[in-house]
Amino acid sequence: MSLESLFEQYTGSAPVASVALTGSASHRRYYRLTGADGRTLIGVEGTDADENRAFLTIDRHFAAQGIHVPKVVAVDGLCYLQEDLGTTVLYDALAAGRASGNYGPDEVSLLRKTLAALPKIQVEGARGLDFSVCYPQPSFDGRMVDFDLNYFKYDFLKLVGVEFNEVFLQDDFDRLKADLLAEPSDTFLYRDFNARNVMLVDGEPYFIDFQGGRRGPVYYDVASFLWQARAKYPETLREELLQVYLDALRAYGPVDETHFRERLRLFILFRMLQVLGCYGYRGLWEGNQAFSSSIPPALSIVQSLLPFNDYPYLSEVLAKLCGGDPEQSLIAEGSGNNTPSGERSPLTVTVYSFSFKKGIPEDPSGNGGGYVFDCRSVHNPGKYERFKQLTGLDEPVIQFLEEDGEILRFLDHVYALVDAHVERFLERGFTHLQVSFGCTGGQHRSAYSAQHLAEHLAAKYPVRVHLIHRERGIERWLPSHSSCCD
């Protein structure tokens, strides 16, 4: 059964709109379906029966435990419908704090609520849960540790050219694995506990994308959230949030804080090695600037942890890795050394649509600059009832904007400016440019403009275009169609 048919079966009428959303790292596809009465549901098309079963089982169990998760309302095969938690993601709500490194009171309050909720997920979420359904495995074990440590070794160390003795390094990996597995594992390990997987509903955190969870120690998720490289939490804030978590954890039993901090340090190291493997593969190998720009802050966290006396050779390798200027050696703009082959990295143009009410998008590359265009001077389709549930990606809105003509004249000026910028950046070997379009809701005019600029650039230049409709949760890469890319 299709999602549209499932929606009609559940609500009694067919959806009037279906908008694709950005999904998780899996191959599952997400859609926001809108009924004639304006009601919305999130539709999910899975591709793996085991992954679907894990999510549905955990979701129902968590909901029964009073944990804030989206309620699943209808299931048919690999398709299901769940309640729509809206469009406010914690990661986006923290954008100003991430950009400045100074988190305001409202942002701190949201972070405190999120960390305070984690022990309930870990402890109460584990009670009575059938871990045998967890995907792809039921528990944190030696195989998982080996996978992540090898990810670091082969997709980061090898790519950046750090020489190491494989036997000595493996000896320390084995010791680290034994220490990680020595911790009790009767709790739920979320695995992907980060600000992108927290939705805000009336200011309260709700949790999504936990289908990769399994039985495991509590430290991993704390390390994953508080030592997330792109978050740039000040040390004082990180300590405050850790205390919030520990206070909430004490509701479930005594906590030896000294031991907790000692063990947490090992899991921070392990988590940072895993994410460096990811950043190496996605950033240095695939050329994704958003990932390669996260390498320096990740290395800074690693450097702050050193040394580890129980893993002397690993510490030596990490000290060598952190000893120079990682930004200069790994991702210097225009250095020509951003790919394993030594060839110049392609120019990536990131194009956003956004709502000014939610702030201007940050620049994940760290380069700054680029353009922010204000679309609010253009005739607004959102003023008309017939367009309110649609976006600038839907044909009725596109037709309205193009027949009106204001947006076409607006984009003619945009194309002239951005084209000149792209051509100059290509000449100079720069690797990133960001262009953002804002309007009132980030739904109609900005979405149309971002979509058309992205397609214009991909068709005209040998560049990689990263298109992000922030408020719609849509993100995709547009390959260049220029013959210069062949």
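1. Asn52 is part of helix H2, which spans residues 49-64; helices are DSSP runs of H or I with at least four residues, numbered from the N terminus. The model is predicted, so that local features need pLDDT of at least 70 and side-chain atom pairs count only at pLDDT 80 or more, while totals for chains, interfaces and linings use all residues. Residues are numbered from 1 along each chain as its sequence is written, and side-chain values use heavy atoms, with hydrogens and water left out.

2. Asn52 has a relative accessible area of 2% and is therefore buried (under 20% relative accessible area, 1.4 Å probe, protein chains only). Apart from neighbours within four places in sequence, Asn52 is in contact with Arg28, Gly46, Gly77, Leu78, Cys79 and Tyr80, contact being heavy atoms within 4.5 Å.

3. Helix H9 (residues 235-249) contains 15 residues and reaches 21 Å from first to last C-alpha, close to the expected 21 Å; the expected span is 1.5 Å times one less than the number of residues. Buried residues of H9 include Leu237, Arg238, Leu241 and Tyr245. Among the elements covering the buried residues of H9 are helix H5 (105-124), helix H8 (219-226) and helix H10 (257-285).

4. The axes of helix H12 (residues 295-305) and helix H13 (residues 312-323) come within 10 Å and cross at roughly 135°; axes are lines fitted to C-alpha atoms, for helices over the stretch in contact, with angles from 0 to 180 degrees between N-to-C directions.

Note on methods. Helices (H or I, at least four residues) and strands (E, at least two) are DSSP runs, numbered from the N terminus. Buried means under 20% relative accessible area, exposed over 50%, partly exposed in between (1.4 Å probe, protein chains only).
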